[in-house]
Amino acid sequence: MPASPSTARAINDRVALRLLQQEGPLTAGQLKQLTGLSRPTVADLVERLTAAGLIEVVGESGEQRRGPNARLYGIVADRAHLAALDVRTEGVSVVVSDLLGRELARASVPIADDTGTGPAVEQAVTLVERAAKEAGAERLHTVGVGAPGLIDPATGELRDSSGLPEWHRRLVAALQERLPARVIVENETNLAALAEQRDGAARDRDTFVLLWLGHGTGAAVVLDGRLRRGASGGTGEIGFLPVPGTSTLPSATDCEGGFHSLAGSAAIAELAAGHGLVATAVSPGEPEAAALVRQAVATLSFPSASPSPSPSPSAFSGADRFLSALADRLAIGAASVVAVLDPGCVVLGGEVGQVGGEVLAARVGERLARMSPLPVEVRASALGGGAVLRGALLTARESAQDDLFAPRSR
């Protein structure tokens, strides 16, 4: 059946808004060309969207032609303000943006292990409120939260997980109580994968696996363009994967003995120490493993990367052996994922994957080629640890736009 006039108008409005979001400011003529709609229809939707406060004149086109320049229309960016949170066991980071995703404020706060649940929640919520105030946001429309652990696919709530601070679960409820905003919670690794697909190393892939390498380990699975969460939200809990090379097996409540014991930050630091490597973190909260991998990669690439005194042969050899041993470990976990899912692409994500760069990715790729008959490309993260915040912001923006751009009854 043909769409009713009101439905057709709603569809046209949404198409125009999406184009303005993707392309930036456009003239009515450009909207006509991109949508294929008639000039009167475009004029009608421009008037309708302007009256609704969704778009406004943001300038004039620079076209050289007779008569006045055409008006440029753009989305009203401050129609809604958004926040994204990256919740870690050691602290919280937040970014506040406008509806177009432009960053307006950024802040973080460390939370010590011995901080009580109530004080930890208060520190985190206060951080968000202060960042929103700094951004000039009277209220937040949507808040995207990235956190470790399992997200219940039925309720969207963070499930109680052993080994994670209680304040993580309490934080979500506190945000919902204190902020007049929609709060969306997603697993941190899943958000990192969404960010890498949109803006990072997987922009040309609709099927891939992101292997998260930071303080802990995790994986995110994207198949045919869709993030897969599993029946209980546990897809990608690769830290619990039983692997050779550990002294025990993981349990339902402890991933010790699983892949985490080979590729978590503490395990990588121990591996590096065995090869004589030491390093200092370059930023607060950076996993020790990332600093060590960065140092090793810099040592190997020294001739073209630094004018300072060259590393000793023993340091060069130690860095080379460390990265090779680390690649052996990462390939074990990646090979299991590849054998089951055949993703064609594995992104080494998180802080460790980013600093390891092509050096580490190439070594893991070489080992996978020997271990698996399935073709797979291994890539280094382009976004590193920042992918979680980026993914949370993208999720918040999509949700807010779905709400604001939705058809309205007239």
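This is a predicted model: local features need pLDDT of at least 70, side-chain atom pairs count only at pLDDT 80 or more; totals for chains, interfaces and linings use all residues.
Thr 217 has its place in strand β10, which covers residues 217-223. When residues up to four places away in sequence are not counted, Thr 217 touches Trp 212, Ile 238, Gly 239, Phe 259, His 260, Ala 263 and Gly 264.

The loop between β10 and β11 (226-228) contains Asp 224, and this residue counts as exposed, at 61% relative accessibility. Most residues other than glycine have a negative phi. Asp 224, however, is a residue other than glycine with a positive phi, near 55°.

## Helix α1 and Arg 18

Helix α1 runs over residues 5-23. Its 19 residues should span 27 Å at 1.5 Å a residue, and because its end C-alpha atoms are 27 Å apart, the span agrees with that expectation. Just after α1, Gly 24 takes a positive phi of about 90°.

The buried residues of α1 are Ala 10, Asn 12, Asp 13, Ala 16, Leu 17, Arg 18, Leu 19, Leu 20 and Gln 21. These buried residues pack against β1 (26-27), α2 (28-35), α3 (39-51), β2 (55-60), β3 (71-75) and α13 (387-404).

Arg 18, one of the residues in α1, is buried, with a relative accessible area of 17%. Its side chain makes a polar contact with the side chain of Gln 401, at 2.8 Å. With neighbours within four places in sequence left aside, Arg 18 is in contact with Glu 398, Gln 401, Asp 402 and Phe 405.

## Helix α11 and the residue after it

Helix α11 takes in residues 313-341, which makes 29 residues. From its first C-alpha to its last, α11 reaches 41 Å, and this is close to the 42 Å expected at 1.5 Å a residue.

α11 is followed by Asp 342, which lies in the loop between α11 and β12 (345-349). Although Asp 342 is not a glycine, its phi is positive, at about 50°. With a relative accessible area of 42%, Asp 342 is partly exposed, a term for values between the 20% limit for buried residues and the 50% limit for exposed ones.

Apart from its neighbours within four places in sequence, Val 87 is in contact with Val 92, Val 145, Gly 146, Ala 147, Pro 148, Trp 167, His 168, Leu 171 and Glu 188. Val 87 and Pro 153 are 66 residues apart along the chain, and their C-alpha atoms are separated by 19 Å.

Ala 202 is placed in the loop between α6 (188-199) and β9 (208-213); although it belongs to a loop, Ala 202 is buried, with a relative accessible area of 0%. Not counting residues up to four places away in sequence, Ala 202 touches Glu 196, Gln 197, Phe 208, Val 347 and Arg 379. Ala 202 and Leu 171 are 31 residues apart in sequence, and from C-alpha to C-alpha they are 31 Å apart in space.

## The second largest pocket

The second largest pocket holds about 590 Å³ of space. It is lined by 26 residues, of which Asp 86, Ser 93, Pro 284, Gly 285 and Glu 351 are the closest to its centre.

By residue type, the lining divides into ten nonpolar, nine polar and seven charged residues.

Terms used: Residues are numbered from 1 along each chain as its sequence is written. Side-chain values use heavy atoms; hydrogens and water are left out. On a 1 Å grid over the protein atoms alone, a cavity is a set of points where a 1.4 Å probe fits but cannot get out, and a pocket is an open set with protein on both sides within 12 Å along at least five of seven lines; lining residues have an atom within 4 Å of a point. Grid points are joined across faces, edges and corners, and a volume is the space filled by probe spheres set on the points. Ala, Val, Leu, Ile, Met, Phe, Trp, Tyr, Cys and Pro count as nonpolar, Asp, Glu, Lys and Arg as charged, and the others, Gly among them, as polar. Helices (H or I, at least four residues) and strands (E, at least two) are DSSP runs, numbered from the N terminus. The expected span of a helix is 1.5 Å times one less than its number of residues. Buried means under 20% relative accessible area, exposed over 50%, partly exposed in between (1.4 Å probe, protein chains only). A polar contact is a pair of N or O atoms within 3.5 Å; within protein, one must be able to donate a hydrogen and the other to accept it, and residues adjacent in sequence count only if both atoms are side-chain atoms. Contact means heavy atoms within 4.5 Å.
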